[in-house]
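Dear colleague,

I am passing on the model we spoke about, so that you can look through it yourself before reading my notes. The sequence and coordinates come next, and what was found in them follows.

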Protein chains: 2
Amino acid sequence: MKSVEKRSDCPVSSSLDIFGDRWSLLIVRDLMLYKTRTYGDFTKSAEKIATNILASRLQVLEENGIIIKLPYPDNKVKGLYKLSPKGVDLVPALIEIALWGGKHVSNDDQCSPFLNEVKKNKTKFLKNTMAKLSAEDEATID
Amino acid sequence: MKSVEKRSDCPVSSSLDIFGDRWSLLIVRDLMLYKTRTYGDFTKSAEKIATNILASRLQVLEENGIIIKLPYPDNKVKGLYKLSPKGVDLVPALIEIALWGGKHVSNDDQCSPFLNEVKKNKTKFLKNTMAKLSAEDEATID
DNA sequence: CCTTTTTACTTGCAAATCGAAAGTAATAAC
DNA sequence: GTTATTACTTTCGATTTGCAAGTAAAAAGG
């Protein structure tokens with residue numbers, strides 16, 4: 001776990017030292033939604049992350065124990081990224097950000113069903129989602 | 001409300017387009033903790049934000065309706081920043097980030113009491129905190 | 001008043017980071 | 001055996017960061 005430069009001992013500040021940028025939490029978002037993703041999958045997301053930025057962020061997230069890179073079954077080129085338990089613990093924060101964004105800046109039809117389910121029973125949603133992400137195998141949603 | 005460049009319609013992405021950097025949420029954190037802050041107060045926080053960055057972030061947060069600048073009573077030089085209702089709505093996200101940071105990257109003695117109170121009853125804590133921040137007058141904590 | 005201090009910024013500039021595009025090396029597919 | 005995929009790396013101009021110094025206006029002090 002390579003230490004990033006810590007500006008203070010405040011947990012908010014320390015967190016932002018790791019993922020406080022415009023891309024890192026989008027990687028975590030994709031892993032929350034799909035459970036596993038390849039490098040190429042990330043580049044196909046709507047925000048069109050540049051490949052150099054992606055590589056850099058994946059490295060920081062992996063060094064900080066938030067994501068894990070696994071070998072892709074029967075393929076030596078591809079890799080499979082997934083959330084570590086520490087990464088799964090970011091889901092509540094991500095959901096709160098999504099709720100805020102859905103309420104105040106972006107009402108996307110495509111994720112309204114998702115946010116509605118969250119709003120219906122947040123505790124249950126978090127429990128289910130985090131449990132699924134923590135399960136060892138199981139198929140991805142996509 | 002000056003529109004920031006939106007990379008996609010995803011609410012997470014749109015949120016990060018506004019506050020996805022290492023400083024913005026620290027400004028929100030200070031306003032959550034102290035309710036009101038002057039420009040100089042922000043510069044005195046532990047992370048030592050540079051004045052040009054601070055000015056730039058305050059402008060973006062104000063343009064996006066997250067913070068409000070008020071005149072300081074009986075003083076034409078000072079200003080008083082506070083969270084708007086939209087800014088107060090960021091508190092749950094901020095708290096989740098703080099909880100994650102406290103658990104996984106930073107166990108600061110100074111804010112342990114704070115985080116312990118959150119953990120004891122999150123719903124109650126959020127309700128109280130957000131209500132205090134929404135109240136029109138009332139003295140600051142500090 | 002008149003001077004000094006405080007406050008909230010702005011400016012200048014070097015260094016770091018971002019981001020688009022092209023390049024590469026290894027494996028997979030045909 | 002040739003072509004295509006995949007996962008990066010490299011290059012380079014543009015933007016952003018962050019430290020330091022500067023500034024203008026109001027407040028405080030004498």
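Phe125(A) is buried, its relative accessible area being 8% (buried means under 20% relative accessible area, exposed over 50%, and partly exposed in between, with a 1.4 Å probe and protein chains only). Please bear in mind that this is a predicted model, in which local features need pLDDT of at least 70 and side-chain atom pairs count only at pLDDT 80 or more, while totals for chains, interfaces and linings use all residues. Residues are numbered from 1 along each chain as its sequence is written, chains are lettered from A and ligands numbered from 1 in the order in which they are written, and side-chain values use heavy atoms, with hydrogens and water left out.

To stay with the aromatic rings, a search of the whole structure finds six aromatic pairs over all chains, where rings of Phe, Tyr and Trp (its six-membered ring) pair if their centres lie within 6.5 Å, and planes under 30 degrees apart count as stacked, over 60 as edge-to-face and the rest as tilted. One of them joins Phe114(A) and Phe125(A) edge-to-face, at 5.2 Å centre to centre and with 90° between the planes. This pair links distant parts of the chain, since Phe114(A) belongs to helix 7 (residues 112-120) of chain A and Phe125(A) to helix 8 (residues 122-134) of chain A, eleven residues apart; helices (H or I, at least four residues) and strands (E, at least two) are DSSP runs, numbered from the N terminus. Phe114(A), at 24% relative accessibility, is partly exposed. In chain B, the rings of Phe114(B) and Phe125(B) have centres 5.2 Å apart and planes at 90°, so this pair is edge-to-face. Here Phe114(B) is partly exposed at 23% relative accessibility, whereas Phe125(B) is buried at 8%.

As for the two chains, chain B can be laid on chain A with an RMSD of 0.0 Å by a turn of 180° and a shift of 0.0 Å along the axis (copies are superposed by least squares on the C-alpha atoms of residues with pLDDT of at least 70 in both). That is the relation of a two-fold axis. Among the residues of chain B, Asp21(B) comes closest to the rotation axis, with its C-alpha at 2.2 Å. The copies meet through the same surface, because 100% of the interface residues of chain B are also interface residues in chain A.

Ser15(B), in helix 1 (residues 11-19) of chain B, is buried with a relative accessible area of 0%. Leaving aside neighbours within four places in sequence, Ser15(B) is in contact with Ile97(A), Trp100(A), Gly101(A), Val105(A) and Gly20(B), contact meaning heavy atoms within 4.5 Å. The side chain of Ser15(B) also reaches the backbone oxygen of Ile97(A) at 3.4 Å.

Within chain A, an open sheet of three strands has the order 1-3-2 with antiparallel pairing, two strands being paired if DSSP finds at least two bridges between them. Its edge strands are strand 1 (36-37) and strand 2 (67-72), each pairing on one side only. Arg37(A) has Tyr81(A) in strand 3 as its bridge partner, and Arg37(A) also lies over the face of Tyr34(A), at 3.8 Å from the ring centre (a charge sits over a ring if NZ of Lys or CZ of Arg is within 6 Å of the ring centre and within 35 degrees of the ring normal).

Finally, helix 2 (residues 24-34) of chain A is largely enclosed by the rest of the structure, because nine of its eleven residues are buried.

With best wishes

Technical notes. A polar contact is a pair of N or O atoms within 3.5 Å; within protein, one must be able to donate a hydrogen and the other to accept it, and residues adjacent in sequence count only if both atoms are side-chain atoms.
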